[in-house]
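Subject: Structure for your review

Dear colleague,

Please find the structure below, together with its sequence. I would be grateful if you would read the notes that follow with the structure open beside them.

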Amino acid sequence: MSTIELLLPPLLAGLAVALVAGPMGAFVIWRRMAFFGDTLAHGALLGAAAGIAAGVALYPSVVAFSMALALLLVLLQRQFPLPTDTLLGIVSHTTLAAGVIAVSLLPGVQVDLFAFLFGDLLAVGWPDVAWLAGGALVILTLLTLRWRELLSITVDEDMARVEGVPVTTTRILLMLMLALLIAGAIRTVGVLLITSLLIIPAAGARRLSQTPEQMAALASVLGMVAVCGGLTLSWFADTPVGPSIVVTAAAVFVASLAVNR
Amino acid sequence: MDASEPLVAVRGACVTLGDTRALEHVDLEIHPGEIVTLLGPNGAGKTTLARAVLGSQPLDAGEVWRKPGLRMGYMPQRIHLDRTLPLTVDRFLWLGAPEKPAQRLQALERTGIAQLAPRPVQKLSGGEMQRVLLARALLRKPDLLVLDEPAQGVDVAGQSQLYQLLSGIRDELGCAILMISHDLHLVMAATDQVICMQHHVCCSGTPEAVRRNPAFHDLFPGHSELVRQLAVYTHEHDHAHDLHGDGAEHHEHH
């Protein structure tokens with residue numbers, strides 16, 4: 001098999017994730033949801049273990065688990081007597097620990113824990129690309145259709161409500177889209193590094209943008225540059241691919257700071 | 001007494017936020033074209049009541065009735081806009097009126113800040129931001145404008161300009177205004193009805209009638225200077241339009 005044939009599915013899968021991570025990462029920054037994203041990502045490991053144990057395909061089980069966790073967190077936030085970051089800290093690390101235990105207990109299956117924690121992009125094949133492209137299409141369509149409502153609740157929920165925006169529905173939609181993206185990214189950069197793929201490109205895009213749309217689009221571009229750079233680094237230097245993508249993204253971010261405006 | 005149908009009627013509203021009773025059996029009616037000022041110390045439940053009127057605050061008991069088809073505009077006390085969100089003033093208004101660029105410019109002109117349209121929202125001064133929030137509320141062509149501490153972060157000269165602006169807008173649109181204030185200075189000339197509250201309604205009526213009410217003085221202990229200023233002020237007000245009957249009601253404390 002030629003290098004191109006070998007690298008094409010990982011490249012397309014990584015690009016699909018980075019494309020969607022641009023606008024979603026912008027919302028994560030604007031709404032300060034980084035810790036929330038981490039919690040969903042850590043929970044995804046438990047979802048993956050549950051899927052493997054039940055003999056279900058990876059993506060459906062992780063997507064279902066992540067979305068259920070997102071809804072549970074929305075409900076818990078209202079009832080929990082301590083601050084939200086305390087709640088997220090408890091859930092995040094508990095699900096991560098439980099996920100690691102669950103994966104280690106899986107009978108008879110050799111599961112590479114490292115692949116889930118830090119990604120295993122080079123191992124993805126065409127079925128993964130199909131799943132990720134479908135997920136990306138769903139998220140991008142929803143983002144386009146609900147863009148103004150999503151921005152409006154990000155700016156001020158009370159003003160949005162008075163202007164007729166269904167605030168709670170829109171907020172839950174955003175959470176579910178984030179859960180879907182994180183579930184999809186589990187094989188790209190792994191559960192420990194997913195949030196960085198959301199935050200770093202969007203942060204790099206901030207200084208170079210005058211509108212929310214510019215920032216979202218530029219974050220997509222920077223994320224895709226990081227995916228290409230990380231894959232190249234991994235291919236030639238034989239470094240782990242997930243961490244290589246994140247380090248490249250960080251380098252792109254630092255370079256964005258040097259751009260004079 | 002206004003015999004017309006109210007725009008909004010709050011009846012027996014009770015709200016508990018965490019461990020505190022924010023609203024205890026509050027009644028409120030707002031009639032077309034009327035300016036109602038909610039007055040009370042910090043933490044008296046004024047914002048909670050305004051949010052209940054808007055439908056943003058669920059009630060534990062009681063009800064809020066709104067006239068069918070009522071259009072409301074809301075100017076919050078402040079908004080927490082993250083620095084990381086690149087948003088110009090025009091795009092901020094776009095969130096409220098996406099397909100109406102001409103009306104957005106018109107609203108900015110009416111509030112005297114047309115030149116700010118291309119500026120990032122985060123770079124505005126307190127007074128400029130208040131006018132931007134007001135412009136977005138006006139885009140709705142509201143029957144009722146709800147203003148939460150509209151003079152927040154505005155200097156004294158700016159405050160009087162802002163109140164002239166509000167008064168002019170009320171006359172043009174014929175809309176009712178529900179305004180929150182914790183500052184006795186800010187009870188404006190055109191206020192028709194003052195409602196003093198401390199979780200429940202302590203007293204309500206015309207500014208003059210409220211001034212005479214002992215419950216009003218109890219509400220602001222140690223503010224005798226401010227109370228006197230209000231007294232002088234409402235005295236002048238009586239001369240200007242002597243239309244109000246002695247409409248003050250004294251509500252027993254629960």
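Is A:F118 buried, partly exposed or exposed? With a relative accessible area of 23%, A:F118 is partly exposed, because only residues under 20% count as buried. Please keep in mind throughout that this is a predicted model.

**Aromatic pairs**

A:F118 has a ring partner, A:F114, and the two form a tilted aromatic pair, with 5.0 Å from centre to centre and 45° between the planes. Both residues belong to helix α5 (residues 113-118) of chain A, where they are 4 residues apart, so about one helical turn separates them. A:F114 is likewise partly exposed, at 44% relative accessibility.

Over all chains, the structure holds 4 aromatic pairs. Another of these joins A:F27 and A:W30: the ring centres are 5.1 Å apart and the planes stand at 80°, so this pair is classed as edge-to-face. The reasoning is that planes over 60 degrees apart count as edge-to-face. A:F27 and A:W30 lie 3 residues apart in helix α1 (residues 3-30) of chain A, which is about one turn of the helix.

How accessible are these two residues? A:F27 has a relative accessibility of 0% and therefore counts as buried. A:W30, with a relative accessible area of 4%, is buried as well. Ring pairs also bring in A:W147, which forms a cluster with A:F27 and A:W30.

**The interface between the chains**

I turn now to the place where chain B meets chain A. Here 28 residues of chain B are in contact with 23 residues of chain A. Between them the two chains bury about 2200 Å², and 59% of this area is on carbon and sulfur atoms.

The interface also contains charged and polar links. The rule finds 4 salt bridges across it. In one salt bridge, the side chains of B:R51 and A:D158 meet at 2.7 Å, N to O. There are also 11 residue pairs in polar contact between chain B and chain A, counting pairs with both residues at pLDDT 80 or more.

Which elements of chain B supply at least two residues each to the side that touches chain A? They are α1 (46-54), β5 (72-75), α2 (89-94) and α4 (126-138). By class, that side of chain B consists of 14 nonpolar, 7 polar and 7 charged residues.

Yours sincerely,
A colleague

Notes. Residues numbered from 1 in each chain as written. Chains lettered and ligands numbered in written order. Predicted model: local features only at pLDDT ≥ 70, side-chain atom pairs only at ≥ 80, totals over all residues. Heavy atoms only, no water. Contact = heavy atoms within 4.5 Å. Buried area = accessible area lost by both parts, 1.4 Å probe. Polar contact = N/O pair within 3.5 Å; in protein donor to acceptor, adjacent residues only side chain to side chain. Nonpolar A, V, L, I, M, F, W, Y, C, P; charged D, E, K, R; others polar. Phe/Tyr/Trp six-rings, centres within 6.5 Å; stacked < 30°, edge-to-face > 60°. Buried < 20%, exposed > 50% of the residue type's maximum accessible area, 1.4 Å probe, protein only.
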